[in-house]
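Student: Could we go through this structure together? I would like to start with the overall fold and then turn to particular contacts.

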Amino acid sequence: MMLKQTAKKTFLGLRSSTAGRRFYHENVIDHFENPRNVGSFKRDDPDVGTGLVGSPACGDLMTLQIKVDESGHITDSRFKTFGCGAAIAASSVASEWIKGKTVSEVMTIKNACIAVCLLRTPSSPPSKTTRRRKQLPMPPWLDSTDDDL
């Protein structure tokens, strides 16, 4: 069973076939293998907004749907991503981040913020990644000690 899983991960490009080294951080693998909020809402629901973004250079395509309540807060989110493991992991993290936030708060999220979040290890002491994260313009509502992502 273990050999089958290793072969599958190697085929998908998540793990290197040499010396058991991974190409992606463990957080990326976790969000790829266990993506949160995959799916879609009914498009005719008046509380649902849909966005589509893609990268012609690498072929990634993401559809993100949000449900917004009367106060302007996002109550739920769903995504569908066609792309590499990193694109699926980033979509999963983003779909978690935006819940409970206003649309204006969500607009402050940058790609680099998601990337740094996927690379951090909650139990490790401050590292180069943590120091780089402090230099990035993180959204003001993001708690720097939030390890749930």
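Tutor: What follows is a discussion of a predicted model.

Student: What does the secondary structure of the protein chain come to?

Tutor: The protein chain has six helices and three strands. In sequence order, these elements follow the pattern α-α-β-β-β-α-α-α-α.

Student: How many residues are in the protein chain, and what percentage of them count as buried?

Tutor: The protein chain has 149 residues, and 33% of them count as buried. Its accessible surface is about 9,600 Å², with 56% of that belonging to carbon and sulfur atoms.

Student: And what share of the contacts with a separation of 6 or more comes from residues 24 or more positions apart?

Tutor: That share is 48% for the protein chain.

Student: Moving to the sheet: in what order do the strands lie?

Tutor: The order is S1-S2-S3, in an open sheet with antiparallel pairing. Strand S1 (48–55) and strand S3 (74–82) are the edge strands, each pairing on one side only. On average, neighbouring strands of this sheet are turned by 15° against each other, with direction ignored.

Student: How many bridges join S1 to S2?

Tutor: Eight bridges join S1 to strand S2, which covers residues 60–68, and the two run antiparallel. Among the facing residues, Gly54 stands opposite Leu61 in S2, and Leu52 has Thr63 of S2 as its bridge partner.

Student: Which residue takes a positive phi in the hairpin of S1 and S2?

Tutor: That residue is Gly59, with a phi near 90°. The hairpin has four residues between the strands.

Student: What about Val68, is it buried, partly exposed or exposed?

Tutor: Val68, which is found in strand S2, counts as partly exposed, at 22% relative accessibility. If neighbours within four places in sequence are set aside, Val68 is in contact with Asp47, His73, Ile74 and Thr75.

Student: How far apart are Val68 and Thr102?

Tutor: Their C-alpha atoms are 8.4 Å apart in space, and the two residues are 34 apart in sequence.

Student: On to the helices. Where does H3 lie?

Tutor: Helix H3, residues 85–97, lies across S2 and S3 and runs at about 175° to S3.

Student: Is H3 mostly covered or mostly uncovered?

Tutor: H3 is mostly covered, with ten of its 13 residues buried. The buried residues are Gly85, Ala87, Ile88, Ala89, Ser91, Ser92, Val93, Ala94, Ser95 and Trp97.

Student: What do the buried residues of H3 pack against?

Tutor: They pack against helix H2 (26–33), strands S2 and S3, and helix H5 (111–119).

Student: How does the span of H3 fit with its 13 residues?

Tutor: At 1.5 Å a residue, H3 should span 18 Å, and its end C-alpha atoms are 18 Å apart, so the two values agree.

Student: Changing topic, how many salt bridges are found in the whole structure?

Tutor: The search finds four salt bridges.

Student: Which residue forms a salt bridge with Asp30?

Tutor: The partner is Arg36, and the closest N and O atoms of the pair are 2.9 Å apart. Asp30 is partly exposed at a relative accessible area of 30%, and Arg36 is also partly exposed, at 24% relative accessibility.

Student: And which salt bridges does Lys99 form?

Tutor: One is with Asp76, where the closest N and O atoms are 3.6 Å apart. Lys99 lies in the loop between H3 and helix H4 (103–106), while Asp76 is in strand S3, so this pair ties together parts that are 23 residues apart in sequence. Lys99 also meets Glu96 in a salt bridge, at 3.8 Å from N to O.

Student: Are Lys99, Asp76 and Glu96 buried or partly exposed?

Tutor: Lys99 is partly exposed, with a relative accessible area of 28%. Glu96 counts as partly exposed at 30% relative accessibility. Asp76 is at 18% relative accessibility and therefore counts as buried, since buried means under 20% relative accessible area.

Student: Which residues are linked with Lys99 in a network of salt bridges?

Tutor: The network links Lys99 with Asp76, Arg78 and Glu96.

Methods
Residues numbered from 1 in each chain as written. Predicted model: local features only at pLDDT ≥ 70, side-chain atom pairs only at ≥ 80, totals over all residues. Heavy atoms only, no water. Pairing = 2+ DSSP bridges. Axes fitted to C-alpha atoms, helices over the stretch in contact; angles between N-to-C directions. Contact = heavy atoms within 4.5 Å. Buried < 20%, exposed > 50% of the residue type's maximum accessible area, 1.4 Å probe, protein only. Areas by Shrake-Rupley, 256 points an atom, 1.4 Å probe, with all protein chains shown as cover. Expected span 1.5 Å × (residues − 1). Salt bridge = Lys/Arg side-chain N within 4 Å of Asp/Glu carboxyl O.
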